Amino acid sequence: MTHITRREFVCAAATTVGGLALSLELPAQENARPLAAAARPPRTPSAFLQIGEDDGITIITPAVEMGQGGHTSLPMIIMEELGGSWKRLVISDAPAAAIYNNPMFGLQATVGSFSVRGWYTELRRIGAAARIMLTQAAAHSWKVSATDCTVDDSLIIHAPSGRKCSFGSIARLAANMPVPQDPPLKTVAQYTVIGRSQPRTDIPDKVDGAARFGIDMILPDMLYAAVKTCPTFGGKLKSFDDSACKGMPGYQSTVPIEDGVIVVARSYWQARKALERVKVDYDPGKLAGLDSAQVSQQLHAGFAEPGIVARNDGDVESGLAHAAQRLEATYEVPYLAHACMEPMNCTARVTNEGCEVWCGTQNPQAAQTGAAKTLGIPPDRVKVHVQYLGGGFGRRGEADFVTQAVSAAKTTNGKPVKLIWSREEDIQHDFYRPAAAIRFRGGLDAAGKLVALEGKVVSASAPSFGRPGGPPFFTEAVADANYLIPNFRVTGLNKDLGVRFGFWRSVNHSHNPFMIEGFIDELARAAGSDPYQFRRAMLQHDTEGARRQLGVLDFLAEKANWKHRQPGHGYGISAFSAFGSYIGTVVEVSMAGNVVTVHRVIQAIDCGIAVHPDNIVAQLEGGMAFGLTAVLRGKITLRNGAVMQTNFNDYPALALAEMPRVESYIIPSTAAPGGVGEPGTGPIAPALANAIYAAAGMRLRSLPLSQHQLSYKAVRI
Amino acid sequence: MFVLNINGSEHSIEAEADTPLLWVLRDELQLTGTKFGCGLGLCGACTVLLDGKPVRSCVVPVSAAAGQPIVTIEGLSKDKSHPVQRAWVAESVPQCGYCQSGMILSTVALLNSKPNPTDAEIDLAVTNICRCGTYNRVRKAIHRAAQMQSGEDAASKPTTV
């Protein structure tokens with residue numbers, strides 16, 4: 001639990017001359033989590049909540065806005081306890097500072113579906129503390145008891161005397177009140193904001209072009225930059241010749257960086273055209289010969305190696321040996337790019353005082369340290385101005401585009417530089433969802449019960465992220481499966497092939513559920529069982545995971561009318577836990593020749609307390625669309641160490657015409673909130689693959705669908 | 001020099017003839033609501049109306065746009081009041097929002113030629129890419145905007161007997 005502190009008021013708005021500002025002081029020991037070790041304590045006063053004398057309520061959100069709704073759901077949590085007027089709300093993005101590190105995750109990063117679940121308690125405490133201070137200030141000035149005062153819509157009301165005052169009118173006085181450290185919080189039953197979808201704060205400015213994304217930054221005297229880096233991973237710049245650029249309109253300079261060149265010009269188009277004329281010679285590096293077939297071979301070679309044990313219940317070898325029926329199957333998925341709609345970009349200004357950067361980033365402190373390292377200055381001399389993100393999906397947790405912009409801006413004598421990637425650069429220099437494969441062995445007893453399951457997970461990933469000694473990160477969704485299987489062993493082997501990998505919406509849950517939920521389906525079929533009942537039978541034990549996953553499964557079966565499935569159609573089901581929530585999907589398809597027609601997608605989530613239900617539904621649909629794109633045609637392939645895809649023509653996204661009919665449900669729950677931004681991505685792959693099997697007896701063990709000579713369409717009736 | 005007619009105002013532009021309209025709008029005129037997504041006319045984030053027709057401004061040279069009326073997202077209304085904008089807010093369509101200027105302008109063009117489009121007509125006309133997956137809300141908002149527009153048209157027509 002953190003300490004709530006009063007902060008010297010920071011003048012956030014010109015009209016604001018005083019008021020109340022509250023913040024959190026993180027105790028030193030909490031600050032020193034391994035993941036946050038690099039973060040420095042803030043030097044300037046910072047706050048989460050500021051109430052001005054003009055009645056404005058400024059909420060500084062530690063979560064950035066990339067469409068996931070953080071700029072609405074986090075303010076709702078504060079406002080629930082504060083009782084402020086939603087109309088007076090002003091949202092501001094937090095600067096880079098350790099005080100904004102997510103209490104659950106330890107970093108100031110909008111990742112891992114951590115925002116609501118990480119801030120749920122702390123933001124309510126801040127809202128409640130502010131409400132108490134405002135109420136006490138009013139009661140003090142009226143010489144009445146604070147317990148007789150209530151709060152409604154930014155007003156403090158003393159009903160016995162009929163007196164009222166606004167938050168703003170009392171804010172300065174409230175700032176001198178003692179800060180309650182343990183403010184009583186509402187019960188769930190008392191909520192009037194949480195659970196009732198408030199209008200998203202970012203939407204109005206996204207319908208008339210007013211919303212400012214990183215790419216929209218405009219500064220006086222700003223120059224523009226275009227960048228080209230070595231096509232092969234790990235390649236370096238050897239030399240360049242920019243003589244053909246001299247005299248081109250607007251051309252300023254060519255800035256060499258470690259792996260490529262940046263061209264600076266008066267306009268972006270001029271920079272792009274000049275960049276085409278720069279002759280560049282690269283040292284292609286060690287990966288110059290790598291192609292996709294080798295990646296696959298390396299993953300498969302990993303099955304023969306021991307790996308790190310992530311789960312070991314019972315004795316899987318004995319269980320398999322005694323099984324009445326044994327199955328073995330290998331599943332595999334390729335690399336994927338994020339392809340955020342807004343190509344990577346950053347605007348930077350470097351002066352003698354330090355550096356300022358403006359960008360859409362999921363990780364302001366990574367942007368700050370990236371810029372600082374590039375310049376060799378302390379991080380506290382870098383100011384990060386977070387803008388709206390035109391998609392993040394994990395890609396914008398990286399800072400490569402920030403360091404590039406800073407590299408350019410340090411050569412322009414204090415003139416700001418806006419560096420924008422081409423889409424081609426974006427597709428070919430991503431931090432990819434790793435390619436991965438799992439080899440399963442399963443054993444059924446004579447009654448068709450799953451008695452032994454082994455999964456060997458091999459991923460072109462890292463062995464652990466912030467969990468040294470723990471189970472390999474990339475065995476998630478397999479090793480932590482909620483099914484009760486008496487003999488259950490999972491190992492993980494890291495095959496880092498040197499291809500840049502990163503976090504892609506729902507991370508390991510983007511592909512591991514496809515594999516394990518596909519193999520579970522195979523086992524159900526082999527056992528002669530109904531795939532839904534087969535899963536049900538393995539969720540009868542008394543753990544929270546089993547109970548809640550079973551709840552999702554049963555809910556889905558009812559909504560899909562599983563008992564009375566439409567003849568001739570194939571139904572696929574999948575459910576699992578992800579990001580602190582429980583998620584599942586049923587897909588209904590029909591097959592005609594090689595055409596898969598999706599009739600409907602039914603999704604359900606148990607995410608605990610649903611803070612912003614309408615937004616959760618939007619996230620489920622959007623996550624499904626992101627997952628469906630990957631299922632249908634998502635594939636990054638390598639040839640000679642370079643990515644072969646270039647743009648939306650050869651890395652196509654789902655189109656509006658292809659979006660199936662989707663029903664999304666939130667299962668009522670009073671459990672603590674779980675994540676909602678990512679869980680929706682994973683279930684579509686196994687549910688669709690299982691539905692295709694149900695319809696046509698064809699088992700998909702690799703993705704995408706397009707490589708199985710299957711085509712796809714969605715119907716809406 | 002080119003004279004562009006944008007959102008009802010004329011602007012004299014100094015730019016090389018092959019400069020895409022997109023970058024003139026964004027960098028010269030600071031109309032940043034029109035977005036860069038792919039540079040090849042594939043994604044539709046840069047959609048504007050040129051003489052009433054939706055075009056991908058990243059592949060329209062400024063020289064080809066001169067002299068024709070251009071409408072960008074900023075020119076749709078002064079106060080977010082265009083029926084398509086209101087429908088977008090009512091259906092909470094945008095997520096990250098980056099593609100939405102283009103989505104909205106594609107919709108405006110569609111509704112101008114087909115005031116009450118079928119789903120199939122929407123499929124054909126709105127080919128903009130949205131990575132957040134807002135498509136079903138886009139579709140709902142298009143139908144809602146069509147209803148709003150037809151209601152308003154009916155209301156604005158003099159009653160006849």
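Which residues of α3(B) are buried? In the predicted model described here, the buried residues of this helix are B:P83, B:V84, B:Q85, B:A87 and B:W88. Just after α3(B), B:S92 adopts a positive phi of about 45°.

The helix α3 (83–90) of chain B also takes part in the contact between the two chains, as one of the elements that each supply at least two residues of the side of chain B that touches chain A. In total, 46 residues of chain B are in contact with 47 residues of chain A. On the side of chain B that touches chain A, the largest share, four residues, comes from α6(B). The composition of this side by class is 22 nonpolar, 16 polar and eight charged residues.

Within chain A, attention turns to A:F114. This residue is found in the loop between β5 (89–93) and α3 (115–142) of chain A. Because A:F114 has 22 C-beta neighbours inside 10 Å, and 20 or more are required for the term, A:F114 counts as buried. When residues up to four places away in sequence are left out, A:F114 touches A:N102, A:M104, A:F105 and A:G675.

Note on methods: Residues are numbered from 1 along each chain as its sequence is written. Chains are lettered from A and ligands numbered from 1 in the order in which they are written. This is a predicted model: local features need pLDDT of at least 70, side-chain atom pairs count only at pLDDT 80 or more; totals for chains, interfaces and linings use all residues. Two residues are in contact if their C-beta atoms, placed from the backbone, lie within 7 Å. Ala, Val, Leu, Ile, Met, Phe, Trp, Tyr, Cys and Pro count as nonpolar, Asp, Glu, Lys and Arg as charged, and the others, Gly among them, as polar. A residue is buried if 20 or more other C-beta atoms lie within 10 Å of its own, exposed if 12 or fewer, and partly exposed in between; C-beta atoms are placed from the backbone.
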